[in-house]
Amino acid sequence: MKVYPTSSTIHTVNASRIQMVDNLITFIREANELLQKELDLSPANQLVTRIISQLSLQLRSHYSPEEIQTVLSNDYIRMNQRNLQDKLSEAECLVELSDSRDICKSESSVLDILTKLPYWNIYKALVSQELTRLRQFIREDVQTEKLPIIFVGSGPMPLSPIILHLLGDVKIICLEMDSAAYDASCILLERLGLEDNVTVVMGNGSEFDYSSYRQIFVASLVRNKKEVLEQIIRTNSDPLVAVRTAEGMKKIMYESIDESQLNKQGWRILGRTCPEENLVINSTLFLERGTNPR
Ligand SMILES: C[S@@+](CC[C@H](N)C(=O)[O-])C[C@H]1O[C@@H](n2cnc3c(N)ncnc32)[C@H](O)[C@@H]1O
């Protein structure tokens with residue numbers, strides 16, 4: 001016999017969901033206040049590491065569209081989201097920088113260490129999904145498939161570019177604007193013996209000339225995606241862009257693309273990859289030049 005919930009059980013469930021959303025907003029506020037106050041956002045600061053992993057875990061839970069809307073439209077969240085993302089992005093880059101330097105100090109095989117990292121499989125799942133979609137959009141155009149891919153915002157430990165190269169058998173040009181991240185990634189790639197196939201260029205994605213490339217990736221932690229996309233469309237006549245964005249509650253952590261503006265900015269959405277629950281946190285949008293004149 002099927003048991004239907006009574007109105008009082010529905011009421012209790014709703015009340016506890018409302019309380020849970022309130023608690024989440026309070027927690028995001030506490031996390032933001034802590035991150036704004038702490039001077040050291042490196043992994044050496046355990047307070048910072050702990051609060052970020054709690055936040056990340058909470059944002060990966062399942063929420064209804066209404067709950068997401070309630071959190072994202074909360075006044076405190078709206079006013080502080082950008083500053084919170086800046087701190088989270090700084091902390092994530094510092095973790096990568098520290099990991100990258102530690103790995104390079106080790107005597108063991110760098111590739112062995114990388115493939116045993118807890119997040120290696122997450123990156124592999126994400127990049128493999130992206131590569132499959134990208135190949136569908138270039139429609140078996142062998143010429144394009146073999147052209148180097150440019151990856152904007154590769155970071156101190158360019159796992160996505162490395163995996164793109166290994167899975168796609170294609171040269172990757174990494175674009176990185178931070179000098180510490182640039183140095184660390186060059187050393188890591190040299191230790192991997194990949195320096196001829198995955199090369200790093202120092203520069204900002206919002207100023208780079210993309211005219212020699214067709215396939216362009218934009219990392220999720222790139223902080224000025226709108227300007228980067230503007231520069232791509234300004235300098236490239238036929239770009240195929242894979243830009244990582246965030247959906248739902250994950251917009252708290254990562255800068256998302258305002259899809260309602262893309263058409264006006266000259267883009268057409270070709271497709272997307274979707275996050276896999278508890279594995280891949282980002283989704284990726286695939287863009288090409290639209291018919292709408294700019
Ligand atoms: C921490 S990494 C993340 C990349 C990640 N390791 C991956 O493989 O996907 C993000 C990097 O993007 C860089 N970055 C952010 N905005 C950028 C831009 N507009 N141009 C170039 N690099 C950028 C930051 O300096 C940072 O090192």
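This is a predicted model: local features need pLDDT of at least 70, side-chain atom pairs count only at pLDDT 80 or more; totals for chains, interfaces and linings use all residues.
Start with helix α6, which spans residues 120–137, and helix α8, which spans residues 159–168. Their axes come within 9 Å and cross at roughly 55°. The crossing of α6 over α8 is right-handed. On the α6 side, the contact is made by W120, Y123, K124, V127, S128, L131 and R135. On the α8 side, the residues are L159, S160, I163, L164, L166, L167 and G168. Sorted by class, this contact holds 9 nonpolar, 3 polar and 2 charged residues.

The second pair is helix α4, residues 75–105, and helix α9, residues 179–191. Here the axes lie 10 Å apart, and the helices pack at an angle of about 35°. In this pair, α4 passes α9 in a left-handed crossing. From α4, the residues L97, S100, R101, I103 and C104 take part. They meet A180, A181, A184, I187, L188 and R191 of α9. The contact of α4 with α9 divides into 8 nonpolar, 1 polar and 2 charged residues.

Now turn to the ligand. How many residues surround the ligand? There are 27, and the closest are E96, S160, E176, G205 and N224. One of these, S160, also belongs to the α8 side of the contact with α6. Which atoms of the protein lie by the oxygen atoms of the ligand? For E176, a polar side-chain atom lies 2.6 Å from a ligand oxygen atom. The side chain of R244 has an N or O atom 3.1 Å from an oxygen atom of the ligand. For G153, a backbone N or O atom lies 3.5 Å from a ligand oxygen atom.

Terms used:
Residues are numbered from 1 along each chain as its sequence is written. Side-chain values use heavy atoms; hydrogens and water are left out. Axes are lines fitted to C-alpha atoms, for helices over the stretch in contact, and angles run from 0 to 180 degrees between N-to-C directions. Helices (H or I, at least four residues) and strands (E, at least two) are DSSP runs, numbered from the N terminus. A crossing is left-handed if the near helix is turned anticlockwise from the far one by less than a right angle, and right-handed if clockwise. Contact means heavy atoms within 4.5 Å. Ala, Val, Leu, Ile, Met, Phe, Trp, Tyr, Cys and Pro count as nonpolar, Asp, Glu, Lys and Arg as charged, and the others, Gly among them, as polar. A residue is near a molecule or strand if one of its heavy atoms lies within 4 Å of it. A polar contact is a pair of N or O atoms within 3.5 Å; within protein, one must be able to donate a hydrogen and the other to accept it, and residues adjacent in sequence count only if both atoms are side-chain atoms.
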